[in-house]
Amino acid sequence: MNGRKSSRLRIGYLLPTRERVMAGVPETAGLLALAERAETLGYDSVWVGDSLLARPRHEPLTLLAGVAARTRRVRLGTAVLLPALRNPVLLAHQAATLDRMSEGRLILGVGVATDVPSVRDEFEAAGVPFEKRGARMLEGLRLCRALWSGEPVDWDGRWRVKQGSLGPTPHRPGGPPIWGGGSAGAALQRAGRHFDGWFPTGPDAATWGEQWREVRAVAAAAGRDPDDVTGAVYLTLAIDDDEAAGNARIDAYLERYYGAPATMLRRRQACLAGSASAARDWIESYAEAGAGHIVLRLVGDHHALLDTVAQLRPGLGEE
């Protein structure tokens, strides 16, 4: 795929875990009901974000286990998990069990975390060095993949394993697909060389398409088939016929969510406020650029927005 549309565009939905904790309503029944609703409406995937202390929310793998038990078809993803914060032997065990529970529906979206004070504090609280977190993530994921083989593993690196055998192994041979987040040069290199997908939070569709071609070129140079790498994107959407009001709502949402100015956050996160028609055109622009899987973070009434986006689906991403 060289910028052409995917044969079938998949649409995912991010559960509002962070939002529910900020609102003081952390109960999970409503979140599980939203996941079930998304499946009923035909969404292809349901996603959960990750943070320990910097942006408090439900632990993603635990919550996705609940979603796995309540759904049958949708894929289950992390958007994105921070593997560097986790012991990879434990992570391999958790992910393998979740992939078994969901019968092969798990996708591990992963990232290295943004360099901001609250995230550095989060790493310190977890007893994990913040520096060289990219290398730590890559080694940890290599160890996960080795353990997912089911064969005895010897490992002598940041972690030491002596003839370690994991059971159960994941439902899918080799383990769940791993998608790398980020749009910096190092992130594009990691996705092309090591991962099964590329999953940034933007940028605009034209720039996304340029970077997607770079990811594919990196994959080809590494001796991989670029068509084996999924092009995905995480988008923030408010549907409102009053564009100014919608943008004000997104700005307030972002600033409360991250504790940083919206103008700064919008430079690295693709956001749209507009009518349903504008939303459809926006999503289509990423499909035109080559995206095969689009995950939406919705700002506003999730029940109403899930219905509205579902009504936009017919014909999206088709040649």
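**The whole chain**

Start with everything selected. The chain contains twelve helices and eleven strands. Its C-alpha trace spans about 60 × 45 × 40 Å along the principal axes. How does the radius of gyration fit a compact globule? For 319 residues such a globule would have a value near 20 Å, and the chain has 19 Å, so the two agree.

Of the 319 residues, 54% are buried. The chain exposes about 13300 Å², and carbon and sulfur atoms supply 50% of that area. Among contacts with a separation of 6 or more, 71% are between residues 24 or more positions apart.

**Confidence**

Colour the model by pLDDT. The average over the chain is 96, and 97% of the residues score at least 70. Next select residues 1-6, where the pLDDT is below 50. In the model this stretch has 22 contacts beyond near neighbours in sequence. Where pLDDT is low, predicted coordinates should not be read in detail.

**Leu166**

Select Leu166, in the loop that runs between strand S6 (160-164) and strand S7 (178-180). Is Leu166 buried or exposed? Its relative accessibility is 13%, and because buried means under 20%, Leu166 counts as buried.

To see what lies around Leu166, show its contacts, leaving out residues up to four places away in sequence. Leu166 touches Ala92, His93 and Ala96, and also Leu147, Trp148 and Gly150. Then pick Val153: this residue is 13 residues from Leu166 in sequence, and their C-alpha atoms are 8.9 Å apart.

**Helix H11**

Move on to helix H11, residues 276-289. H11 has 14 residues and reaches 20 Å from its first C-alpha to its last, close to the 20 Å expected at 1.5 Å a residue.

Which residues of H11 are buried? They are Ala279, Trp282, Ile283, Glu284, Tyr286, Ala287 and Ala289.

Terms used. Residues are numbered from 1 along each chain as its sequence is written. This is a predicted model: local features need pLDDT of at least 70, side-chain atom pairs count only at pLDDT 80 or more; totals for chains, interfaces and linings use all residues. Side-chain values use heavy atoms; hydrogens and water are left out. Helices (H or I, at least four residues) and strands (E, at least two) are DSSP runs, numbered from the N terminus. Buried means under 20% relative accessible area, exposed over 50%, partly exposed in between (1.4 Å probe, protein chains only). Contact means heavy atoms within 4.5 Å. The expected span of a helix is 1.5 Å times one less than its number of residues. pLDDT is the predictor's confidence in each residue, from 0 to 100. The radius of gyration is taken over C-alpha atoms; the globule rule is 2.2 Å times the number of residues to the power 0.38. Accessible areas come from the Shrake-Rupley method with a 1.4 Å probe; for residues, only the protein chains shown count as cover.
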